[in-house]
Amino acid sequence: MDVNALLKKMTLRQKIGQLTQYNAALFTDSEAAVTGPAKKLGLSPEDLKTVGSVLNFSGPAEMKRIQDEHLAADPCGIPMVFMMDVIHGYRTVYPIPLAMACSFDPELVRECARMAAREASASGVQVDFAPMVDYVKDARWGRIMESSGEEPLLAGIMGAAQVSGYRGEGIDRPDSMAACVKHFAAYGLAEAGRDYNQSDCSERELREHCLPAYKACLDARAKLVMPSFQSMNGVPSTVNPLLHRVLREEWGYDGVVISDYNAIGELKKHGVAEDEKQAAQLAFGHECDVEMCSAAYFHSLEELLAEGKVTEEQIDRAVLRVLRLKEELGLFEDPYHGADEERAQSLYLCGEHRALARRAAEEAAVLLKNDGLLPFDEGIKKIAVIGPFADEHGINGSWSCRGRDEDTVTVRQGLSRLLGEDRVIYAPGCEAAGGCEGLDKAEAAAKAAEAAVLCLGEPQGYSGEGNCRTDIRLPGMQSELARRVIAANPNTAVLIFSGRPLAIPEIDEIAPAIMQLWFPGTEGGNAAADLLFGRANPSGRLAMSFPRSVGQCPVYYDHTSTGRPHFTDRAEHRGYASDYIDCAVLPLYSFGHGLSYSEFIYEEMTLSSHELKSGGAIEVNVRIRNNGRAGSEVVQLYMRDIAASCTRPVQKLIAFEKVHFEAGGERTVTFRVTEEMLGFWNFDMQFVTEKGDFELMIGYADHFVLRDRFRYV
Ligand code: BGC
């Protein structure tokens, strides 16, 4: 399709239509649309015929119907493009993105994204509003569950892996989707962890922490960008100069920018536009090409053009971006993009997809503590499975798209499948956030078994968009339940289900074993059983620090040095140091932490040179021996810049590799350190690497086992 020629044939109204996106509800039945939601938005039936894209439809049948009706009505015959949030699976749900990041396994993330793309594209999804790669460090913010955690390098790698998985062999293929990276920028820094709240962020913070992951996704060929809702340094992202300066000019991005849901409509409430018309002028002027779900463009662009406040060239440029996306997706040849009900049905929850979701849930789980209790022995006669999440199907997590709770395997079901139902005693104990009538029964169940699995956490609705908390402890009576169950049976392993790091110091104090399962998705219960009994060996590492209390938030590993550092990792206040009177400074579990049933012994780190010359590289070899069963270790390389013109992080992850070891196996892992990995944004906001000494550390944040130094000359 010659999109330039097509553009020439389009009327202004048709062009504006391409710059809008509405919910499928508006196209559901023409009568309802005219009288209902479309009328509310002030859209005429004629406007609806020109709309360029649709979000949130129910599946292939609805998508095809809307597309058919549209093509029959649109005089230009331009297919609509169908978009949706496929965040961690479509029908087969794998763990939430924060959990997937804990796998430290980009290939697994890519495979899961491919699986999501297969199911979603067969269901009519052509563009995915993912990956979300917002930099996050405040566990109160509900949307951290959608992110890849507090490390920008990791977030970029995981984001790019998702883009590549969605894309597959190319976005025109029937089993692929185009990715929309979001939310540009600094959305995750919403003050006080309250969603939609402003973020105030220095340029250094932006450049070092927030921007790199979006850039990594664009380099991986994400096709769209979505600005965030909140105002960033005083200006809502939808109309923030950053869009033009960084995205368009600095990065040369010429793809579609699509607003977030009603974000243009909300500019008035933000207090930056007097009315809808000004909102349209501002958003369009900042090259936000497509308006999602409000109607400022429909109502005002024509008038703004007549008044010379926007130009025809601007409109054409935005429309061309949309048409080019449609062309790249191959929609002019196949407006269904291969969507097919039968194919979709054959893919949903198929054996291959369930197996992958199970492996993902196993790799994403993080063994936080183990005093030798785990793994359990399969010869066990009776095991008690206790707690509000023991038989809970609602462990898919927020944004689980078309996943259904009833398809999800609970821990009780997983254990019953592994051991046989007669060996599993079940007692809920208490509700996740309410009643506690079952405590006595739970205690009795724990006593009657050789071991217990206590399933605690926060309901899945406690995280996700708009779901923030000021208290990030276990809700309700769960801590009391833990106290009673563990006292009744010291062989109790605790499983935690949550969309954020919870503050669980009281559980850490009394439980002999704790495993963080996050929201593990469809195969959660099977994965839990495999992990508890050693059929799977835990290999997840934390992508986010676990605070001891909400008062530590934001707590994150790569904070900069201070002139008065804290002295100890205990709650020991020395005065005039950067610490607390009432709490230790270090998190309860640091970034990169995670145990295994294997024992990995770090024997030696050797450097190919102790001098790094400009343009050169140093090879870092780390020899590791596995003293136990087969398993995987995430080998993490950190650095510290000893002295620079700006205060630098006390520790910074610069490379990692997840490595599989056979029982008793030995490996040497090699990293290449280049000057770029040492660089930072100086006071004048130039990216520089300054000469001097650097320390390299192996282990995980706050806990290093090998160190060496070199000089950058
Ligand atoms: C969210 C976006 C999402 C959009 C469309 C908004 O509320 O912030 O992340 O892509 O809705 O569903």
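What volume does the second largest cavity have?

Author: The second largest cavity has a volume of about 50 Å³. This is a predicted model, in which local features need pLDDT of at least 70, side-chain atom pairs count only at pLDDT 80 or more, and totals for chains, interfaces and linings use all residues. Residues are numbered from 1 along each chain as its sequence is written, and side-chain values use heavy atoms, with hydrogens and water left out.

A cavity is a set of points, on a 1 Å grid over the protein atoms alone, where a 1.4 Å probe fits but cannot get out; lining residues have an atom within 4 Å of a point. Grid points are joined across faces, edges and corners, and a volume is the space filled by probe spheres set on the points.

Around the second largest cavity stand Phe-284, Glu-287, Asp-289, Gln-314, Arg-317, Ala-318 and Arg-321. Helix 15 (residues 312–328) gives the largest share of this lining, 4 residues; a helix is a DSSP run of H or I with at least four residues, numbered from the N terminus. By class, the lining has 2 nonpolar, 1 polar and 4 charged residues, where Ala, Val, Leu, Ile, Met, Phe, Trp, Tyr, Cys and Pro count as nonpolar, Asp, Glu, Lys and Arg as charged, and the others, Gly among them, as polar.

In total, the structure holds 3 cavities of 30 Å³ or more. The largest cavity contains about 60 Å³ of space, and its lining has 8 nonpolar, 2 polar and no charged residues. Helix 7 (97–102) and helix 9 (152–167) each supply at least two residues of that lining.

Conventions: 1 Å grid on protein atoms, 1.4 Å probe; cavity = no way out; pocket = protein on both sides within 12 Å on 5 of 7 lines; lining within 4 Å.
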